[in-house]
Amino acid sequence: MDAQDSSVPTSSYSPESGLGQDRMDLVMARIHEKIDNYESYNFSRLQSLALNIFFDLAQEFASITDVYAVCVMIPKALFNLECALYVQGLDQRPVRCCATVCAPSAQVPVFQDKASVENGKYCLPIKANKEHLSQLPFAPADGGVIGMLELSPAQRLNDHDKLFWARYANRIGYQLHNKFVSLKNVEHVEFIRNLVKDIGHNIIVPNMYFKLFYKRLEARINLVKHAERKIKKILKDCTGRDDPLQAKLQELCQDIRYAHNAIHDQYKEIFSHYRNTSLFLETLLRSSHFEAGRYVLERRSCNFKSQVIDPQVERYRPRFQDRGIEIDTSMGGVPDKEIEVVADVGLISQVYSNLFSNVVKYARDVDVGYGMRRKFMSYGWEVLPDCFGPGRDGIKLNVFSTGTPMSPEDAKGLFTEGYRGANSAKEYGTGHGLYFIREVVRLHGGTVGFEPTPLGNNFYFILPFGPAEEAQAPEG
């Protein structure tokens, strides 16, 4: 059995979890299988040397064209065989490479899944790594075939030679697969770098000007208030006089007050949305995230209630009202004491935004006794002494909503990418929100969780809370 023919389960390894004993046993078993395979192959010294040279040079040359040349020149240099390689190119145009030329070609053989002899040539399929076909920048042919290798004269090859060249073709397939993915990643990284510059130039910087526009708009709204004050002064001067304009001025003053209050309320609502949108834009589109390839925290000490929770509550209050969802903080227990936590305000605010968005979608009315039904949400927090070890307290932050308690089966999949529960069929979503929460909280050194209750579902996250929290929280 060779690598191309085996089905080794992909590992779910992560730096946090490490490799379990089952994976270590699997690797050990594969090593012994390889030992047995190579003993059964009984390759000659020259054939083994050819595989070693191919592996070394395929790693050494960065250019994909150079790797093509290595593929066809080893049969020529070591075995005096003519060789041609046909590969599905990155630009979707097939490439032909032989001892004299390596260039796009209009005339290529049909990519077949099995080896065959045609016109005196031994034709072998070049297959990509079937476990990772989706990573390729193009769709391969059936069976994961990305090319063909032709060796001639075919009559010089016995069955043992054909076995060797099948293994050689396998190694070509894996190396080309890795090169294609690597080149695709390089292009993606370059695109992301340019995109970050475009984001800074076309989104972040112009967004800063909106704050100036809002200030100017507020100043003009205040002119309406100033006009009202002037009319009031005129009315005061007219007091006691039999002035026919007094009633009209009084009516006009009321109209101006109504218009001012309506415009100012609309302004505050729009400005609140602007501040939240700006916060999320500037937080999620930081250049440091793109440079590091992961979220990078910008920690600072903040008042959690006033700087994180309250703005999100006010942002979602109209949406709660539209859905008939009450806000009942007596259930969640909002302590009077303010809490100071070192955190990335933008990312943690997005955590609350995702949790409140789920409340809007999934809160349902429940029987609260005495024949009454209510639909409400709660939020709050509590300090957990020594939660992260001796002297390292945690703060548990809860967001609760009424509804049918989630089943244990659904609860198992929460906080995983793309997962959506049984109650999500009629609500829009991608299954990314809770996964995002998990990742952001993990970066802060915290944990996430879920608790079903008789009246509904409580989602929570726990952050380190105390002097050691900034030093202990991991960056990635």
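Which residue stands opposite V145 in strand 6? Let's work towards that spot; bear in mind as you look around that this is a predicted model.

Start with the sheet. Strands pair through backbone hydrogen bonds, either parallel or antiparallel. Here the pairing is antiparallel, and 6 strands line up in the order 3-2-1-6-5-4 to form an open sheet. At the edges you will find strand 3 (102-104) and strand 4 (116-118), each of which pairs on one side only.

Now to the opening question. Strand 5 (residues 121-127) and strand 6 (residues 145-152) run antiparallel and are joined by 6 bridges. The residue opposite V145 is K127.

Helix 3 (residues 64-79) covers strand 1 (82-88), strand 2 (94-97), strand 3 and strand 6, and runs at about 150 degrees to strand 1.

Next, follow the chain on to a pair of helices. Helix 9 (residues 345-362) packs with helix 11 (residues 433-443) at an angle of about 150 degrees, and their axes are 9 Å apart. Because an angle over 145 degrees counts as roughly antiparallel, helix 9 is roughly antiparallel to helix 11. Their crossing is left-handed.

Which residues make this contact? From helix 9 come L347, I348, Q350, V351, N354, L355 and N358, and they meet G433, L434, F436, I437 and V440 of helix 11. Sorted by class, the contact has 8 nonpolar and 4 polar residues, with no charged ones.

Notes:
Residues are numbered from 1 along each chain as its sequence is written. This is a predicted model: local features need pLDDT of at least 70, side-chain atom pairs count only at pLDDT 80 or more; totals for chains, interfaces and linings use all residues. Side-chain values use heavy atoms; hydrogens and water are left out. Axes are lines fitted to C-alpha atoms, for helices over the stretch in contact, and angles run from 0 to 180 degrees between N-to-C directions. Helices (H or I, at least four residues) and strands (E, at least two) are DSSP runs, numbered from the N terminus. Angles under 35 degrees count as roughly parallel, over 145 as roughly antiparallel, 65 to 115 as roughly perpendicular and the rest as oblique. A crossing is left-handed if the near helix is turned anticlockwise from the far one by less than a right angle, and right-handed if clockwise. Contact means heavy atoms within 4.5 Å. Ala, Val, Leu, Ile, Met, Phe, Trp, Tyr, Cys and Pro count as nonpolar, Asp, Glu, Lys and Arg as charged, and the others, Gly among them, as polar. Two strands pair if DSSP finds at least two bridges between them.
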